[in-house]
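The sequence and the structure come first.

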Amino acid sequence: NITMMKRCKVALENSIVLSLEKRYPGLGVKDIIKLVNLIRERSNLENNGQKKHEIDESSDISDGEIPYIDGEEETSQACTSFVRFDERDGKWRPILLTVGLMYKLQKVLDDPWYDVKDIFIQDKSTKMKLVDTFAWYWHYLFKIAWALVLYTKCDEDLIENLAETLNVDEKHILYSLMKDSEDLDNHSPDIMLIVHHERKEVVLTISGTKITPHPSAADIMLDLHAQSTCFHHGKAHEGMALACETILQLLMESLSDVFQTHSDYNLVILGYSLGAGVAQLVTLRLCDGPESERIPNTVKIFGICYGSPPVYKSSIGGFSHPNIYCVINHNDGLATLSVHTLTKTFLQIRAIDRLKLKRRKLLKLLRTRIGHTATQEDGTRSFVCDKKIVEEGGWKKIIDTMNL
């Protein structure tokens, strides 16, 4: 029966957590489950119409407790599968149709801040210089990634691959690290510190979540430790803050030494995805933190971060750092992925489900064109919504539902 199936599901989840804890004792698996439960709890509170209030994120989990929600109602609601069966009306609704509606409405609901000409760089030469710079370092990251793919678990091979791929002398590779730690407090993504004398710069590369040649469990756990922790003059993504601390401990001696000799060189900190988030935090600390005292004032420090997730919130309102450049694709969901946005997505899916739209209606809406992209006189592009179709085609009710 259904009750037995739910109990079996919970038992299976608990056994998986126990297995992961046994295999990776230092990677904080229970902390990840605690975060998942936090999202579930927030979703359930909002879903039940209760008042929004702060949930204590610092509550401890006892050693023998597997922190899964095992209540029948909560478990069934928290389980998001590719097919949803609403027990209230007995209708089968594929969740992909619901997500498709949300995707189609994204342009209508997006904040149109980027439709304003004044936010763009007006000087053409400055714009092209930035594009060329970002493109050069993007290809640099690709070369690093290729060298790591060729890595054969021998430090000498790694150094040789890096030197050959980047066309540098092996002695100019000051530091390289590629390992999967079993202790999150001492783990960082793969890092490379290389001197380029012809460019008069030192480049610190922080890799993204490692998938090839084999996935890194520690990198994945860094990603998933998404709760906030105190960092610098604000709060930061906990996993990425841990990686930042580890990198600074590993590299400060090397950075201090190289810039004592080459005080006229620049420091460029590169990162992609997970590495981009960590790169932002490392740049903050090296520019404005206590570590900045160990680097000469003549050294210019820049962080160039590709596809960075939300990682830092300063206690200073409207804070931005002039030395950090974030390069993102406007269709990249990672750039806005957080506990808040994930919870909001779950809530929107539930809210649309409550409308009990028929499958035929869902398919019809997905086939409907609700607007078009128009180019303005100043060159900016914006999405123009067909108000008549939205009002008469049933979209208005869905939009009102999604505006939580």
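Which residue's side chain meets that of Arg285 in a salt bridge? The model discussed here is predicted.

The partner of Arg285 is Glu245, with an N to O distance of 2.7 Å. This pair links distant parts of the chain, since Arg285 sits in helix H10 (residues 274–288) and Glu245 in helix H9 (residues 238–261), 40 residues apart. Arg285 is buried, at a relative accessible area of 10%, whereas Glu245 is partly exposed, at 30%. Both residues also belong to a network of salt bridges that includes Glu291.

Arg294 is partly exposed, with 35% relative accessibility.

## A buried pair between loops

A search of the whole structure finds seven salt bridges. One of them joins the side chains of Lys210 and Asp190, at 3.7 Å from N to O. Lys210 is in the loop between E5 and helix H8 (217–224), and Asp190 is in the loop between strand E3 (173–177) and strand E4 (191–196), so the contact ties together parts 20 residues apart in sequence. Lys210 and Asp190 are both buried.

Side chains of opposite charge can pair when their charged atoms come close.

## Strand E8 and its neighbours

Strand E8 (residues 266–272) is largely enclosed by the rest of the structure, because five of its seven residues are buried. Strand E5 (residues 201–206) runs parallel to E8 and is joined to it by six bridges. Six bridges also join E8 to strand E9 (residues 301–306), again in parallel.

Gly271 of E8 has a bridge partner in each of these strands: Ile206 pairs with Gly271, and Gly271 in turn pairs with Cys305 of E9.

## Positive charge on the surface

Where do positive charges gather on the surface? Lys91, Lys358, Arg359 and Arg360 form a patch of positive charge there. Lys91 belongs to strand E2 (residues 91–94). Lys91 is partly exposed, with a relative accessible area of 47%.

How values were computed. Residues numbered from 1 in each chain as written. Predicted model: local features only at pLDDT ≥ 70, side-chain atom pairs only at ≥ 80, totals over all residues. Heavy atoms only, no water. Patch = residues over 30% accessible without salt bridge, like charges linked within 9 Å, V, L, I, M, F, W, Y side chains within 5 Å. Areas by Shrake-Rupley, 256 points an atom, 1.4 Å probe, with all protein chains shown as cover. Salt bridge = Lys/Arg side-chain N within 4 Å of Asp/Glu carboxyl O. Lys, Arg positive; Asp, Glu negative; His and termini not counted. Charge placed at Lys NZ, Arg CZ, Asp CG, Glu CD. Helix = DSSP H or I, 4+ residues; strand = E, 2+ residues; numbered from the N terminus. Buried < 20%, exposed > 50% of the residue type's maximum accessible area, 1.4 Å probe, protein only. Pairing = 2+ DSSP bridges.
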